[in-house]
Amino acid sequence: EKKFGAQVKAMKAMILGRLYGGGALILGVDQGNPEDPLEYEQVGEGDMKFLHVVSRYDLSAGEIEWDITSPWYGQPKYFQPANKIGLASNDLKLHPSRVITFTGNDIPDINQRTNGWGDSVLQSTSDAVMGAGLTMASVAQMVSEAKLDVVKIPGLSENITTQEYEDRLRKRFEFANVAKSVFGILLFDKEEEWQRIESQFSGLPDVLKMYLLVASGAFDIPSTR
């Protein structure tokens with residue numbers, strides 16, 4: 001375990017299995033050909049040469065074993081290294097007994113499994129996470145617009161068509177904003193109307209909490225964590 005870091009690599013393979021729907025440990029045992037079944041009882045001291053961690057995208061699964069009498073029923077007959085840039089050949093085949101697979105969420109229907117792998121655990125939780133994220137983003141947007149100033153200007157729609165009026169209007173409100181920031185006063189024409197609209201947040205904490213609870217339930221992780 002210490003020589004090959006078995007515990008750390010097993011944990012990494014489990015993480016890859018949950019994240020991508022498939023992770024694996026490749027057992028490098030010096031016994032026969034890699035495509036032959038591994039006889040565990042005949043493995044002796046020093047026969048273990050390496051232990052590799054790969055994801056489902058690093059291995060290509062062969063055809064599925066449909067012989068009901070085979071101990072490997074429902075599993076790929078072999079695994080092959082996936083095609084990578086710089087890989088000279090892809091003729092190596094690994095018997096499933098030499099590959100320890102980890103899956104995220106298992107697919108009940110064996111015929112629907114993708115090359116023997118399962119689904120990512122994020123597949124069943126994506127809607128809950130996206131809903132919580134969208135709610136938090138919406139609340140943040142409302143907070144940034146908690147106070148909105150509304151100014152009613154006589155004849156705005158008629159005069160805004162000219163560039164000269166648009167420049168004058170922009171300059172006029174830039175000056176009003178400076179006066180408000182520096183002197184704490186609002187300068188308006190007698191015929192103009194000013195109104196401040198404030199958003200109400202009385203029910204938002206409960207809504208946000210509910211979405212976070214839904215996400216916690218989807219992941220089966222307590223909301224306190």
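1. The model is predicted, so local features need pLDDT of at least 70 and side-chain atom pairs count only at pLDDT 80 or more, while totals for chains, interfaces and linings use all residues. Residues are numbered from 1 along each chain as its sequence is written, and side-chain values use heavy atoms, with hydrogens and water left out.

2. Helix H2 (residues 126–144) and helix H5 (residues 204–219) have axes that come within 8 Å and cross at roughly 160°. H2 is therefore roughly antiparallel to H5, a term for angles over 145 degrees. Here axes are lines fitted to C-alpha atoms, for helices over the stretch in contact, and angles run from 0 to 180 degrees between N-to-C directions; helices (H or I, at least four residues) and strands (E, at least two) are DSSP runs, numbered from the N terminus.

3. The crossing of H2 and H5 is left-handed, that is, the near helix is turned anticlockwise from the far one by less than a right angle. The contact residues divide into 15 nonpolar, 2 polar and no charged, where Ala, Val, Leu, Ile, Met, Phe, Trp, Tyr, Cys and Pro count as nonpolar, Asp, Glu, Lys and Arg as charged, and the others, Gly among them, as polar.

4. The largest nonpolar core has 9 residues, including Ala24, Ile26, Leu59, Phe79 and Trp117, and the elements that give two or more residues to this core are strand E1 (23–29) and strand E3 (59–61). Such a core is a set of buried Ala, Val, Leu, Ile, Met, Phe, Trp, Tyr and Cys residues joined through side-chain atoms within 4.5 Å. Leaving out residues up to four places away in sequence, Leu59 touches Ala24, Val54 and Val99, among others. A second, separate core of 7 residues includes Phe4 and Leu25.

5. Gly62 lies in the loop between E3 and strand E4 (79–81). Not counting residues up to four places away in sequence, Gly62 touches Pro76 and Tyr78.

6. Asp220, in the segment after H5, has a positive phi of about 60° although it is not a glycine. Asp220 counts as exposed, at 70% relative accessibility.

Definitions and conventions:
Parallel < 35°, antiparallel > 145°, perpendicular 65-115°, else oblique. Buried < 20%, exposed > 50% of the residue type's maximum accessible area, 1.4 Å probe, protein only. Contact = heavy atoms within 4.5 Å.
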